[in-house]
Amino acid sequence: MKNILKRLNEKIDDLVVVKQRDDLYFIKVKREHTDFILRYLKLDENFKHLDFMQAVDYIENNQFQLTYMLYNYEIKINLGINVMIDREKAEMDSMHRIWPHLWQYQREIHEMYGINFPGSPRVDESFVLEGWEEMPPMRRDFDTLEYSKRTFYPRPGRSTNDPKEYMKEKLYHDFAKSPKIRRDDE
Amino acid sequence: MNRDSESKYKGFEADRSKYPQMEKDKPVIDLESQKFIKTWQGPQHPGVTGNMSVELIINGDEIVDAKTHVGYLHRGFEKLMERRRYIQCFPIVCRICVPEPDTNEYCVSAAMEDLAGIVVPEKALWLRTLNLEMSRVGSFLMWLGGQAGSLGMGAISQWTIGMRDFWLDLFEEMTGGRVYHMYMIPGGVRKDLPEGFRDRTRELIVRTRALLFDIEKTFFNNAIVKARLKGLGVISPEMVTEYGIVGPSARASGIEDDIRINNPYGKYAELDMKMITSDVGDAYARAEVRYQELHQSLDLISQIMDKMPEGGKIQAKLPNVLHWKIPAGQTYVKAESTRGEHGFYMVSDGTKYPRRVFARGASYTHAISVLEKLAVNISISDLAALMVSLHTCPPEIER
Amino acid sequence: MEKKDLNEIEKEMKLANEGLPEKERILFSDARPSRVEPLNKYLEQFVNWARARSLWLLAFGTGCGATELRPLMTSRFDVSRFGIAGRPTPRQASVFIIGGYASIKTIKRIVRSYEQMQGPKYVIALGSCTINGGMYYDSYNTINRIDYYIPVDTYIAGCMPRPEALIAGFNRLKEKIQKGECDGMNKYADNFDWYKKNQKQIIKDWNMPDYNW
């Protein structure tokens with residue numbers, strides 16, 4: 001793996017490598033270089049198997065992070081490639097020419113996050129939602145509890161207890177109610 | 001039909017003069033011409049594995065085009081887990097895959113331990129390996145019943161599901177629940193084994209092997225099964241990397257891909273096992289590979305029973321779990337389930353709630369891309385057998 | 001009652017069928033579901049006695065609960081001694097078991113299969129997800145109360161209910177049928193508009209007739 005990282009370092013400048021475990025590494029790549037790096041890794045370095053491709057919403061930085069996870073059968077190491085894209089105009093090039101089954105992941109990300117992959121086959125089809133008219137549901141500003149209360153009628157009688165208050169009352173029954181003892185957390 | 005030349009259809013050549021025109025090896029589909037029927041092998045159907053549907057265009061008896069529709073079991077797990085604290089994820093995460101819930105629990109525990117830097121004690125690793133192997137046995141028995149049932153042999157299905165019930169009894173002794181266990185938590189497991197567990201397990205292994213001996217005679221040495229399954233759904237080794245195929249479906253085509261041997265987790269490094277592969281990639285080879293793996297799992301359980309120490313700590317010390325903040329980072333943990341590589345990708349950001357949890361179901365590509373490619377040009381009565389031989393499981397595709 | 005013209009009665013009874021394309025709207029049914037009235041006293045008791053002993057299930061595994069339905073049919077729990085068998089089509093079934101949670105896509109198929117079943121028909125709802133949403137109460141794709149969309153006769157609690165609990169549930173349904181209290185289908189026929197309004201509120205992609213029979 002050290003040789004592979006050395007060769008990668010020659011191709012990308014300021015390569016940041018995070019080693020999570022002995023068999024899991026993460027690198028960060030710019031959006032323009034993704035196509036070249038993925039092809040290079042698949043054809044020259046034998047990272048033939050693509051595990052998945054997913055998106056993470058970083059709403060406070062106004063960015064989406066896409067992750068491609070590759071696996072090498074010979075040295076048995078996973079390599080994750082992180083790409084940051086802009087959140088306002090969410091778009092990314094489609095990599096389905098390298099691995100044909102990427103169209104499935106791209107279809108799911110398009111439905112769940114609203115990221116567009118122009119040129120990907122069957123990207124406009126619905127994957128799991130039918131007749132969905134709201135914003136893409138996996139984005140962080142979609143409030144699912146409020147949507148569920150509004151659309152589906154919840155049965156009354158459900159109550160929620162804050163565990164801290166419940167345990168305090170249960171264990172320190174008299175302590176909590178006594179007015180003379182000074183409480184530290186108040 | 002793309003059948004193997006070994007099959008019984010050697011002397012039969014279809015008369016294609018009446019068939020519609022072909023253009024670049026694909027028939028020209030014209031739904032108005034009354035030569036094609038569009039039908040659904042839909043969710044309410046005894047011939048689908050779980051709640052999924054396939055939209056077919058058929059011409060007589062032969063399938064011309066297939067399209068998979070999933071989404072009937074979508075509950076939005078990933079969004080739900082972002083609203084729950086780390087320890088509150090466990091009751092819901094085992095419901096991602098219904099026949100085999102332990103792989104999910106293991107992957108989520110291992111991801112949290114990886115991000116937080118917790119070391120699991122020895123006895124807990126042995127117990128986790130035992131739990132995973134037992135759930136593999138239960139899932140394989142259910143698959144075997146499904147494969148036989150899809151070819152019309154309902155008796156074998158009754159035998160295997162009846163035998164699986166006794167394994168669920170063992171699970172109940174060990175964890176407290178028949179189907180959903182919630183046994184593996186970050187830091188270890190919840191409880192130790194009760195008394196007499198090893199003897200009961202050894203006795204059940206003997207009974208299961210006796211049943212499998214019967215099944216080998218009725219199912220694998222059966223001329224009808226061989227004629228129907230040989231040559232069905234051939235996966236070539238190039239397709240394995242192009243379509244991301246994992247598990248026994250890839251091993252039956254010759255690729256050596258088993259996570260328990262390549263990247264061992266738990267106590268698999270100390271157990272004695274070898275990789276089971278085959279060279280022919282058709283449905284019969286996949287059935288044989290899975291049957292050998294079922295025997296291998298029973299063998300591994302006997303080894304674990306012999307090698308596991310008696311006492312020991314079962315859980316590492318955790319901070320107050322309701323207010324547990326995991327440092328920021330990302331990780332990917334995989335485990336080998338009966339369908340292949342089942343992985344969890346977890347991203348944390350230093351707060352009490354996870355940022356993103358993604359469950360990569362093992363049959364994500366099997367049910368959609370691979371099935372749509374392999375279902376062309378087969379008879380409509382073989383579609384159920386093909387679906388079960390790829391071992392598609394809809395809940396883990398759409399979570 | 002004044003005599004109404006046949007055309008006026010037909011106009012009153014016509015359903016909208018607005019999910020279908022124009023030229024197919026009159027091809028599909030425009031009848032409403034009708035009540036199943038009880039016969040005279042002793043015949044009804046006899047008929048209920050017979051119905052309770054031959055409950056045929058519809059083989060539709062809608063959710064998690066379908067995993068514990070399969071061991072029921074094996075020889076250990078053996079429900080065929082109660083006269084229960086699994087049927088592949090809704091035309092031959094009389095009991096619909098809704099196993100657990102129902103997502104929006106599934107609820108459309110449940111409604112379609114339920115309306116195709118012939119009366120008298122009964123519905124059993126398994127698990128706590130049908131009662132108040134269960135652990136998916138805040139999910140954007142699962143419904144919280146199934147009896148706003150389909151009339152339910154018996155609930156079986158648990159997650160998942162054991163096979164013994166399922167047999168107890170079947171026994172409870174049998175007692176209710178024998179007493180003559182199971183009238184989910186009559187409730188559906190009487191309040192058809194209310195059920196249909198609830199269903200159309202969540203199923204936005206309605207491309208089937210209003211009443212599938």
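Tutor: Let us begin with a term: domain bounds come from an automatic or database domain assignment. Keep in mind as well that this is a predicted model, for which the predictor gives the complex an ipTM of 0.85 and a pTM of 0.86.

Student: Which domains does the assignment give for chain B, and what distance separates their centres?

Tutor: The assignment for chain B gives domain 1, covering 9-69, and domain 2, covering 77-398. The centres of domain 1 and domain 2 of chain B, taken over C-alpha atoms, are separated by 33 Å.

Student: How many residues of the two domains of chain B are in contact?

Tutor: Here a cut-off is needed, namely that two residues are in contact if their C-beta atoms, placed from the backbone, lie within 7 Å. By that rule, 17 residues of domain 1 of chain B are in contact with 20 residues of domain 2 of chain B. On the domain 1 side, strand S4 (53-59) and strand S5 (62-69) of chain B are the elements that give two or more residues, and S5(B) has the largest share, with 7 residues. Sorted by class, this side of domain 1 of chain B has 7 nonpolar, 6 polar and 4 charged residues.

Student: How many bridges join S4(B) and S5(B), and which residues are bridge partners?

Tutor: S4(B) and S5(B) pair in the antiparallel sense over 7 bridges. You can follow the pairing by finding B:Glu55, whose bridge partner in S5(B) is B:Lys67, and then B:Asn59, whose partner in S5(B) is B:Glu62. The hairpin of S4(B) and S5(B) has 2 residues between the strands, and B:Gly60 takes a positive phi near 70 degrees there.

Student: What should I make of backbone angles in residues that are not glycine?

Tutor: The general idea is that most residues other than glycine have a negative phi, and most peptide bonds are trans. Against that background, A:Asn46 has a positive phi of about 70 degrees although it is not a glycine, and A:Asn46 lies in the loop between helix H2 (34-43) and S3 of chain A. In chain B, B:Asn377 also has a positive phi of about 70 degrees without being a glycine, and B:Asn377 lies in the loop between helix H12 (364-374) and helix H13 (383-389).

Student: Is B:Asn377 buried or exposed, and what about A:Asn46?

Tutor: The count to look at is the number of other C-beta atoms within 10 Å, where 12 or fewer makes a residue exposed, 20 or more makes a residue buried, and a count in between makes a residue partly exposed. B:Asn377 has 12 such atoms, so B:Asn377 is exposed, whereas A:Asn46 has 15, so A:Asn46 is partly exposed.

Student: Where can I find a cis peptide bond?

Tutor: Look at chain C, where the peptide bond from C:Cys159 to C:Met160 is cis, with omega near -10 degrees. C:Met160 is found in the loop between strand S5 (154-156) and helix H5 (163-179) of chain C.

Student: How many helices and strands does chain C have, and what is its average pLDDT?

Tutor: Chain C has 7 helices and 5 strands, and 37% of its 213 residues count as buried. Where pLDDT is low, the predicted coordinates should not be read in detail. Chain C averages a pLDDT of 83, and 89% of the residues score at least 70.

Student: Finally, how many residues do the chains bring to their contacts?

Tutor: The contact between chain A and chain B takes 29 residues from chain A and 30 residues from chain B. S3(A) gives the most to the chain A side, with 6 residues, and the residues of that side divide into 15 nonpolar, 8 polar and 6 charged. Elsewhere, 17 residues of chain C are in contact with 14 residues of chain A. On the chain C side, helix H3 (104-116) and helix H4 (129-132) are the elements that give two or more residues.

Technical notes
Residues numbered from 1 in each chain as written. Chains lettered and ligands numbered in written order. Predicted model: local features only at pLDDT ≥ 70, side-chain atom pairs only at ≥ 80, totals over all residues. Helix = DSSP H or I, 4+ residues; strand = E, 2+ residues; numbered from the N terminus. Nonpolar A, V, L, I, M, F, W, Y, C, P; charged D, E, K, R; others polar. pLDDT = per-residue confidence, 0-100. Pairing = 2+ DSSP bridges.
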